[in-house]
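The sequence and structure are shown here.

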Amino acid sequence: MPVYDQTYRPYDGAAPKRFRWLAMVRQEWSIFAKLRLFRLFQFITALHLLLYIVLIFAVDGLQSMPDHPLRSATQNMGFQQIDDTVFYLFITLQSGLVFFTLVFIGSGFISKDFRYNLVEVYFSKPLSWVDYVIGKTVTLVSVGLSMTALPALLMLLLHICFLPSWSTLEDSYWLPIPILLFSLAIALPIALAVLASSSFFNIQLFSGVAVVMLVVITSAIVINLSVALDNISIAVLSAPVAVNRLGEWFFQRPNLRLEVSPTISLAYMAFVCVVAASIVCLKVRRVGSAG
């Protein structure tokens, strides 16, 4: 009697040569887009965006009506014109929401696949462990960008439409680059940290709590240590502080929190990303090889 391998049937279709990980991105989006809490996070983002659109309209669209109460209210708030400060503040305020959103949807991204042996299903198709890691990472990063870069770019477009002039273009043409860089600096480290935790813990709840506690505890230790040693530069080892310093650098803003070179913040966040990515790659490759 013949003996058959106890495994999944391999993929029989034509294997795409490039961007095979896009199938994973589409699948993951179709799953968590139905979650109520994810929709709530997106709704909060939409409300936040709406408030800033009203602000842009009040400052730009009512230039010819200085006595309008809406314009007077924005001036009293300190917004005399729409500049890089508006977009920087929007992305900064969104960063906390992005963190909890990615923790919520990403803490089970890999742990569920490990627990239910879905990695073997993925690898039975024309997907390598590299495609798997890229697909998971791109999915989470795209969620983060959809809550930061995408609405900020929409705000920029509306700003140009509300106040169409050559001077507006001269003042705004460079803003898409810092918007994208700052958004990526927020989304990428969070995505990789969440995936690393998800690959390390088999239970989704433990994975999410571990990421939150790691950020809270390390930030508290680093800030208290910087105060005790009277060296504020140590605070850059706190991920939120380092990311905010990068945002100031990208938007060419003065050092509001930290008198430290932005290259140190960039090097620290790059180190965090490399460590987290290494954990994900090692765990996924090991599980894939065992399957």
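## Overall make-up

The protein chain contains 13 helices and zero strands. The model is a predicted one. Read along the sequence, the pattern is α-α-α-α-α-α-α-α-α-α-α-α-α.

The protein chain has 291 residues, of which 40% count as buried. Its accessible surface comes to about 16,000 Å², and 68% of that surface belongs to carbon and sulfur atoms. Among contacts between residues at least 6 apart in sequence, 76% join residues at least 24 apart.

## Helix 7 against helix 8

Two packed helices are described by the angle between their axes and the distance between the axes. For helix 7 (residues 129–147) and helix 8 (residues 149–162), the axes come within 3 Å and cross at roughly 30°. Angles under 35 degrees count as roughly parallel, and helix 7 and helix 8 are therefore roughly parallel to each other. On the helix 7 side the contact is made by L145, S146 and M147, and on the helix 8 side by A149, L150 and P151. These contact residues divide into five nonpolar, one polar and no charged.

Helix 8 has 14 residues. From its first C-alpha to its last it reaches 20 Å, close to the 20 Å expected at 1.5 Å a residue. The buried residues of helix 8 are A149, P151, A152, M155, L156 and H159.

## M147

Is M147 buried or exposed? Buried means under 20% relative accessible area, and M147, at 0% relative accessibility, therefore counts as buried.

Leaving out residues up to four places away in sequence, M147 touches F41, Q42, T45, F90, Q94, L97, V98 and T101. M147 and S95 are 52 residues apart in sequence, and their C-alpha atoms are 8.7 Å apart in space.

H48 has its place in helix 2 (residues 36–61). With a relative accessible area of 13%, H48 is buried. Its contacts, not counting residues up to four places away in sequence, are with F90, L93 and Q94. Of these residues, F90 and Q94 are also touched by M147.

I186 lies in helix 10 (residues 176–200). Its relative accessibility is 4%, so I186 counts as buried. With residues up to four places away in sequence not counted, I186 touches I91, S95, V98 and V243. One of these, V98, is likewise touched by M147, while V243 is one of the buried residues of helix 12. I186 and T148 are 38 residues apart in sequence and 9.0 Å apart in space, C-alpha to C-alpha.

## V212

V212 is found in helix 11 (residues 204–228). Its relative accessible area is 24%, so V212 is partly exposed.

V212 touches F99 and V103, not counting residues up to four places away in sequence. V212 and F99 are 113 residues apart along the chain, and their C-alpha atoms are separated by 8.9 Å.

Helix 12 has twelve residues and reaches 16 Å from its first C-alpha to its last, close to the 16 Å expected at 1.5 Å a residue. How many of the twelve residues of helix 12 are buried? Nine are, and helix 12 is mostly covered. The buried residues are V241, A242, V243, N244, R245, L246, G247, E248 and F250. Among them, V243 is touched by I186 of helix 10.

Helix 12 is followed by Q252, which is found in the loop between helix 12 (239–250) and helix 13 (262–290). Q252 is not a glycine, although its phi is positive, at about 55°. Is Q252 buried or exposed? Exposed means over 50% relative accessible area, and Q252, at 64% relative accessibility, therefore counts as exposed.

Methods
Residues numbered from 1 in each chain as written. Predicted model: local features only at pLDDT ≥ 70, side-chain atom pairs only at ≥ 80, totals over all residues. Heavy atoms only, no water. Axes fitted to C-alpha atoms, helices over the stretch in contact; angles between N-to-C directions. Helix = DSSP H or I, 4+ residues; strand = E, 2+ residues; numbered from the N terminus. Parallel < 35°, antiparallel > 145°, perpendicular 65-115°, else oblique. Contact = heavy atoms within 4.5 Å. Nonpolar A, V, L, I, M, F, W, Y, C, P; charged D, E, K, R; others polar. Buried < 20%, exposed > 50% of the residue type's maximum accessible area, 1.4 Å probe, protein only. Expected span 1.5 Å × (residues − 1). Areas by Shrake-Rupley, 256 points an atom, 1.4 Å probe, with all protein chains shown as cover.
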